[in-house]
Every structure is written in C-alpha cells, then in structure tokens.
Amino acid sequence: MSNAARLGVLAVVAVVAAIAFVALRPSAGNPGQAPPQPAAQSEPSETERKAEARPRRERRPARPQYARIRIRDGAPVGGVKRIDVDSGDTARIEIASDAAGEIHLHGYDREAQVGPGRLTRLRFRADLEGIFELELHGPGTKLADLRVEP
Amino acid sequence: MRSPRSLRAAGAGAGAAALAWPSPALGHGISQRADLPIPEWLFIWAAGLVLIGSFAALAVLWPRPKLEQREWRPLPGPLARVLTARPVEVTCGLAGALLLVLVIWSGMVGEQVVSANFAPTFVYVLFWVGLVLVSSLLGDVFRAFNPWRAIGRGFGFLARHALRGAPPAPLPYPERLGRWPAVAALLAFTWLELASQEAGGPRGVAFAALAYSAATFVAMALYGVEAWIERGEGFSVYFNLFSRLSPFERRGDRIGLRRPLSGLADVDAAPGTVALLAVMIGTVTFDGASEGALWQALVFPLMGAIEGLGLSPVASVRVAFSIGLVACVVLVYALYRLGAAGVRAAAGGAKGRPAAGAFTHSLVPIALAYVGAHYLTLVAFQGQAIIYLASDPLGRGANLFGTAGRSIDFALIGANAIWYAQVAFVVLGHVAALMVAHDRALVLYGDGRAATRSQVPMLAVMVAFTTLALWLLSQANA
C-alpha cells in the first residue's frame, strides 16, 4: 500500500470516529470540550424544574426537596443513601439523628452538628463533580454518597 | 474555611468500620472523592474507536521495522552532562534515602490515620502511581532517586575505602531467577495496598518498607547492587519498564533522545517478564473491578464461604480480596498466553516459531493505559494532599512549611475532562501496543503481509484488554 493510501485510510477512520462521537454524544451538552463551564451557565429556572421533577416523597408541599437521612444507633436507616445532583444545582440534605454527633461531607468540607430533636439541613451549590462521601464523625460511618454529575 | 485537621481526623474510625465491611482499596480509601463511571455512550464510542482503529491499523502500519533500531542522539548543550554529574547523582540518591527514612518514621511514629499521615499518600499515590507517569514521560527517573541503590552504592564506596581494595566479587545473578523476585515484590506491594485492608495503613507501610529494605540489602550484598536493581528490585524493574516508553534515555554519562516507544524493543524476555506484566495489569484490573457491581455481588458469598471455614470476619475479607487480586492477575496472564500461542500457530512453518516472550514488551503501553486511566484522578486530587502532609507528616498539628492549612482543590478537573482523559489513555495505549507488536512481527517474519497475518490473534487479545479497561471505567461506582 502506498503512503497516500495509508493517509487515506487514516483520514476515513478519523472522519468515521468524529461522526460516531457526535452521533453518540447526548444532545444535552454543546459539542466540543468545555467541561467545567456548564455548571456556571445553568439557568435558575431549570434548577427549580429539576428539583421539582425529582421523584421524592411529598409529605409536605414545601418547594425545595431535601434528601433525607435518618441516623439510628450510629447507622443510616435503610443503608447508605445515594444522592444525585447535577453540577451547578443546589444540593439539599437533611439529617435527623437519635444521638448527638457531627457529620462531615468530604470534598465540600462541610461539617454540621446533628442530634435528637433537631433537623440538620445542608444546602449548598454542588459545583465539584465526582462522588463524595457523607459520614458520621468519630466512628467514620458512611451515611450517603453525594454524586455530582456534569 | 474550616481547619482541615479536624476534617482529616474524620478518617480516624474508618478502620473500625472496615472490619465488618469490605472497604474499597486503600489507594482509593485515602481519597475523599471517587470517580463517576464513564457514561454508556462514551464507553460504546471508545470501544468502537478501538475496533475501527485496530482494523485500520492493520492496513496502515509500516512495512519496515521502525522502532527496533537503537537510534539515540545526546541532548545538545551542557544539560545532558550536568544531570548525570556526580554531585547531582549523590544529591538525588540522598534525597531518595531521606524520603525512605521519612516514610518509615512517619508511618511508625505518626497518627495511624491513613489520610492524615504522610506515609500512605506518599507511597500509594506519589510514588506508586505518580512515578509511573513521570517515568513514562521523562525516562528512568527512579534510578537516580532509588534509595536502595543509593545506600547500596554508598556502602560499596565505604567498603572499598575501608578494605583498601576491592571487596569480594558478588555472586553471578542466576539467569533462571529472571524477573521473578520483582514479580514477588510487586504482588506483595499491591496486596498490601489493595487486599490487606487496614494492615496497609501508616504502620503497615512503614513495616513493609523496613522489611523490603532489609531483603533488598541482603540481595544486593549477594548479587551486587546493579545486578539486583536490573532484575530483582521490584520498583526499579517496574519504573524502568515504563521509562522505555519515554523519548529520554541515559547512555554512559549523557542523556539523549530516542524515538518514543523504541526503548521497548530491548526489553528482554527474561523468565518472569510475562508474569510481571500480568501483575502490573491484573492488580489495576482488580482495583477497578472491586468498585464495580460484579465484585460486590461476588464478594459477600465468597466471604461467607470463607467465614464458614472458621476464619474471623477480618481474615475472611482479606482472603476474599486476595483471591480476587490473584484471580485478576491469572486472568491477564492466561489471556496474554492465549494470544502468544495464537501468534505462533498463525505464523506456523517457515520462519520458525518465535518465543512466547517475543511480544511481551507490547504489554507495557497497555499497563500504562490501565494505570493512567484508573489512577489519574487519584494523582490529580489526592496527590495535592502532599502539600499539607509535608508540613505535618505525623498528623500532629506541625506546620513546617506553612502549608498545613491547605486543602485539596476538587474543582481542578471536571468530570467531562476526566472521562476524556481516561478514554484517551486507554485508546492511545492500545494504539501504541499495536505499533510495538507490529514492529516486532516485521523483524520476526520479514515481510509486512506475513507480519500482519501473524498479528491477528495478538490484536484480538489487545482489543480484549482495552475493552476490559473501558468496561471497568464504566462499571466502577456505577
């Protein structure tokens, strides 16, 4: 095979790969690589819409939906919870505990007191992408995974 | 901003929790952040690219060997000599030895909290993974900083002066031993990191470093420093293999440039080389798999069965993880052997059968792809921890360099950029492996067509490795 033919094969492969990339890529994002950007661009109205579309128990008609974690005997009731948030949205977590203690969210480095008779609420903008652990200080028990997807 | 100290203390009790529950491997256990799995569409796209690229490669690859010549030209200017000058060499060796002492000291004396102690992050993240990336780019940097080599040579120097003559000549290194001592060392190290559970914490790292140093010095005394570094010392052999990918090579007292990948051509097929690469790829495979659903489904019945034999829960976690680790290594080993056997069968007759080790060196870029894709974020994020750990190596509130209050910047790379980088590592590693194997086939079989035909079984094996790597990335934490 001549060198020209080799280059031709390479060009065809490059084109096929590029078409496949565009075709398979979900339409949501803008093409090209701009990873950390979209977080800052999301509209507040969209944020609200997504929060409300989330299928959570709707006991109270309050607008913001909090992911609920209940600690009993030093462990999360119902096992380790998975909390999904889109990057740039507001993460809302509320924690009830039967004993006094401190919780810590890795990566975001947030700490808060929890205890009987109180409901601890965490509310912050989720702008770090990845999976971060929420744990009970001291015993280091894992309570939940916060997953922030782009 | 809160003091990161109290936050880091959070890991204090994690060990206790791990007793009852199989925890993720320590390497990732240090980390405060885990990777999101690559999305399905990217997995399919990358796997497709690998397939199309492989078949295109068969048509496009060159008809004459290009990587098997030993071209090399020294870097211009004084740099090529300065870097290899005696004072620089001694300084680097001393720095390596001091870091070894620091690891042992902080691991022994410091707080036994994985995330607050200098030793685990330095050894598992900067040394074990960071140095792979550095070696692949810049060449055999570890050789200059190798503490065991530096101390061994220092002793040799002193012995020559004290004895006023040459010390007794070392024993000849037994050829049959090949790279097997390195295989044992790397398997033991990865076991400590991935399967030993909390035994691989600060004190475990320190004890392992002490024991390994003692064994290395005994072996060096027997076989000579350089002979042991070349074949037996696990980390030297490990980083040296990756350094063959780099365009930089030292010859004599000068540093020069060679064609990238051409350094792989003279990886000899000493006994144990295939096993070594199987350990390098298989252990990363296990680390990835242990974050996936398949392993989570397997590990509990396995642990139950082991506990049924009368072992404690801790021991049963350890044994189950050890079984998983070894199983992955064996799987990778068997897969490569299958491909090599296929090549020999396909080549058949005329030119004679090449040794099974003839294509071993093509696994090195695949090993880099595995390490790079799987541990990229560990280095990028947890690697930053060394900035505050260096100021407070014992985790007791010291602030030697004024950096103890720093924290990790988790906004450094977004998830999209991470996914693309991971896929790039895997696809480029695959392409590099294909090129290296093709070049070797040209040398063995002479003409391009016979070489291409012989390579089809090896190509299948490489596609399998690459797809496995992508699959692991799409399964972890899914």
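**Figure 1. Helices α16(B) and α21(B) are roughly antiparallel to each other.** In this predicted model, the axes of α16 (residues 313-347) and α21 (residues 456-475) of chain B come within 7 Å and cross at roughly 160°; angles over 145 degrees count as roughly antiparallel, under 35 as roughly parallel, 65 to 115 as roughly perpendicular and the rest as oblique. Axes are lines fitted to C-alpha atoms, for helices over the stretch in contact, with angles from 0 to 180 degrees between N-to-C directions. The crossing of α16(B) past α21(B) is right-handed, the term for a near helix turned clockwise from the far one by less than a right angle. On α16(B), the contact is made by Leu335(B), Tyr336(B), Leu338(B), Gly339(B), Gly342(B), Val343(B) and Ala346(B). On α21(B), it is made by Val456(B), Pro457(B), Met458(B), Ala460(B), Val461(B) and Ala464(B). Residues are in contact if their C-beta atoms, placed from the backbone, lie within 7 Å. By class, this contact has 11 nonpolar, 2 polar and no charged residues. Ala, Val, Leu, Ile, Met, Phe, Trp, Tyr, Cys and Pro count as nonpolar, Asp, Glu, Lys and Arg as charged, and the others, Gly among them, as polar.

Residues are numbered from 1 along each chain as its sequence is written, and chains are lettered from A in the order in which they are written. Local features need pLDDT of at least 70 and side-chain atom pairs count only at pLDDT 80 or more, whereas totals for chains, interfaces and linings use all residues.

**Figure 2. Chain B touches chain A through 33 residues, in contact with 36 residues of chain A.** On the chain B side, α2 (14-20), β1 (33-34), α4 (40-60) and α19 (415-445) each supply at least two residues. Helices (H or I, at least four residues) and strands (E, at least two) are DSSP runs, numbered from the N terminus. The largest share, 10 residues, comes from α4(B). The side of chain B that touches chain A divides into 21 nonpolar, 9 polar and 3 charged residues.

**Figure 3. Strand β8(A) runs antiparallel to β1(B).** The two strands are joined by 2 bridges; pairing requires at least two bridges found by DSSP. Phe132(A) has Arg33(B) as its bridge partner in β1(B).

**Figure 4. Strand β5(A) pairs with β6(A) and with β8(A).** β5 (residues 101-105) and β6 (residues 110-114) of chain A are antiparallel over 5 bridges, and Leu105(A) has Arg110(A) as bridge partner. Their hairpin has 4 residues between the strands, and Gly107(A) takes a positive phi near 80°. β5(A) and β8(A) are antiparallel over 3 bridges, with Ile103(A) partnered by Leu136(A).

Notes
Contact = placed C-beta atoms within 7 Å.
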